[in-house]
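Biologist: Before we discuss folds and packing, please show me the model. Then set out the terms.

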Amino acid sequence: MHRALAGNGSITVRVTSLTGLYSSSGGGESATGGSLAQNPTVGWTPDVEPWSKAGIIIKASTKPGSAYAAMMVTGSHGVRMQWNYTGDIAGLGGAPTTASPRWLRLVRHGGTIIGYDSADGTSWTKVGTVTLTGLSATAQAGLFATSPAHNMVTSQSAIGSSGTGVSTQDTGTFDHLSLGGTWPGGAWTGADVGDTNGPSGLDRFRRIGAGFAVSGNGDIAPVVAGTMGAGTQIEYAISPGSFAAVIAAGVLGALFITAEYRRGLIRLTLTASPRRGRVLAAKAIVIGAVTLAAGITGIAIALPVGLAKLRDEGNQILPVTALTELRVIAGAAALIAVAAVLALAVGAVLRRGALAVTVVIVGIVVPYLLAITALPAGAADWVLRITPAAAIAIEQSVPAYPQVTAAYTPMYGYYPLAPWTGFAVLCAWTVAALTLAAFLLYRRDA
Amino acid sequence: MSRTLHAEWTKLRTAGGTGWLRLAVVVLTAAVGAATAASVTCHVAGGCGQDPAELSLTGVYLGQAVVAIIAVLAISGEYGAEMIRLTFAAMPRRFSVLAAKAAVVTGLVLVAGTVASAGSVLAGQLILPGHGLAGPPLSLGNGADLRAALGSVLYLALIGLLALGVATTVRNSAAAIGIVLGLLFLFPLLTATVSAGAWRRHLEQIAPMTAGLDVQATANIRALPLTPWQGLGVLAAWATGTLLLAGLTLQLRDA
């Protein structure tokens, strides 16, 4: 429920409870919110989604996507101040009850909005100050309630994921709603903002004595990828191609040394330059530089082509900064180059081309493939922490938002390690393999 | 033909590393299967839709890479050492040589694959109970589970034939293994990024690994783009195709 309010002012409310319902009917394979709406009223069980939210909001307009700042109570994350989809600051902990209610207040000064919370309505604590751009003189202010689909990734298999999305809804109970500053009293309007997929017969906005009960579902949050999200990350445009390049680079890197062993050329090489470690280092630099240059060229061309194709197919591409896009391109190319150096090192250790190529592919491609298809989610995370495949994290372009409920699993492009940490894991494996190769090169006859 | 077979069997048996590679097929397949089974959890009453047979046989993903090495080395080892000229001088019927190689590789993989598959199922039977999976326990007395276990053995044998065909055509061992593993692993990675349902289904139907591994499915079979045996048939078609190409290039090219 909301109303238009001009100029500066404040809105204050007391929240005495936040209750919720889970749809017990669940969803089918990769259920989306839309398909759940088809059985609206059967089987709801009482439970509050941890990121259910109810509170007060000041928003540029009632259109989805417009700027906002809000103070809210949540299912199990205490009081929060959130703004413009990705901003999130924690306030008081604990859930609201009649005995221990939560007071929320938003104050507008021009484009600046300050959020306060309180346990008693007299001593107030400032939670945060945010500046919203695009907030006109007349903004919408009011009470809101949202409850995201509860996401359970139950299993993954080679035929796809059977993540179950359970539709949820919540109801916040409010009283002591008051307006301050230049904002006058008046009538409130109830409205659904954005797509809704809850029970159609639900009273979304009811008066209870001097208070209100507001119910809702969905979320006020950034678009994310995954079963509950609608977005596609930019790295999807290059992912299969970059793995094909990793395999090709592995073959090149391995052949760069094993071909010398097969033809006996290695004896000539080591006679001409007897410092064997230097030979290995020179080979690593040459194969790394060549594959890096080829990788950057290939990916810089493939990314825009792939993105255009994804857009044509009707995918919504999640926006990223230019710096992130640069990191994805350079990182994917570096992954290809380091894979070639790893293959070189393994080839120097094993001296057999087929074995070296297999080791590199089984180290980088197979763990990733297993993580996004056959492995249970917990095991998939571990595999992508310790194997060389951890480097795929360098291609992750959007962060996981702790305050947004979604399936943050490798299958949907969210990896357990930070981009550069994951890449460092591959580099550590490569350095270890190079060290072993140098050691064996000195120890063994050529 | 029996002398050709005997010659090929002697070469495969005595080639350096074959024994280790056979052991690796068994150990890797069973170990990865056991680790996957151990990592499964389900806390939802009524199960989470997991497939016990498929989970226990996850190790086939890795085992097939070792099978591919065995098959690739069976032919490209000869090209690398240029022994292939001696082979064709002694046995001029090149198609027979290829058939004999295919037969001995298949025999070897069937034996190693049977041990690997049986080991994986045994590990699954020991580990999976108590992990909250619904449905009857994994048992080879159950028709679907038996089909998954036997199908995995046949799957590995077909991967061996596919790899032999590619390696005979390409000759270089590193390039051959790159092409074989690329064929197997890149299709599912491509499928994962295709959102259009019809395209995705077609890719899953023609991909040698994705279609071939349908033979392991015992739960949710109706959701598969192919029936389990049809899926294995797709892989058989790939193996036949690459072997025919290999036979053709053997006849047309100088050794």
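Modeller: Axes are lines fitted to C-alpha atoms, for helices over the stretch in contact, and angles run from 0 to 180 degrees between N-to-C directions. Helices (H or I, at least four residues) and strands (E, at least two) are DSSP runs, numbered from the N terminus. Residues are numbered from 1 along each chain as its sequence is written, while chains are lettered from A and ligands numbered from 1 in the order in which they are written. The model is predicted: local features need pLDDT of at least 70, side-chain atom pairs count only at pLDDT 80 or more, and totals for chains, interfaces and linings use all residues.

Biologist: How many helices does chain B have?

Modeller: Read along the sequence, chain B runs α-α-α-α-α-α-α-α-α-α-α. It has 0 strands, and its helices number 11.

Biologist: What is the radius of gyration of chain B?

Modeller: The radius is taken over C-alpha atoms, and the globule rule is 2.2 Å times the number of residues to the power 0.38. Chain B has 255 residues, so a compact globule would come near 18 Å. The value for chain B agrees with that: 19 Å.

Biologist: At what angle do helix 6 and helix 11 of chain B pack?

Modeller: Helix 6 covers residues 94–127 and helix 11 covers residues 228–252. Residues in contact have C-beta atoms, placed from the backbone, within 7 Å. B:R94, B:F95, B:L98 and B:A102 of helix 6 meet residues of helix 11 including B:L243 and B:L250. The axes lie 9 Å apart, at an angle of about 145°.

Biologist: How many residues of chain A are in contact with chain B?

Modeller: The interface is counted from both sides. Chain B brings 41 residues, and in chain A the number is 40.

Biologist: Which helix gives the largest share of the side of chain B that touches chain A?

Modeller: Helix 2 (18–39), helix 4 (60–80) and helix 8 of chain B each supply at least two residues to that side. The largest share is 14 residues, and it comes from helix 8 of chain B.

Biologist: Is A:T189 buried or exposed?

Modeller: A residue is buried if 20 or more other C-beta atoms lie within 10 Å of its own, exposed if 12 or fewer, and partly exposed in between; C-beta atoms are placed from the backbone. A:T189 sits in the loop between strand 14 and strand 15 (205–208) of chain A. Leaving aside neighbours within four places in sequence, A:T189 is in contact with A:M1, A:H2 and A:R3. Because it has 12 C-beta neighbours inside 10 Å, A:T189 counts as exposed.

Biologist: Where in chain B is B:R171 found?

Modeller: B:R171 is not a glycine, yet has a positive phi of about 75°. It is partly exposed, with 17 other C-beta atoms within 10 Å. Its place is the loop between helix 7 (143–170) and helix 8 (173–193) of chain B.

Biologist: Which strand holds A:H176?

Modeller: Phi of A:H176 is near 50°, a positive value in a residue other than glycine. A:H176 is partly exposed, with 14 other C-beta atoms within 10 Å. It is found in chain A, in strand 14 (residues 168–181).

Key
Contact = placed C-beta atoms within 7 Å.
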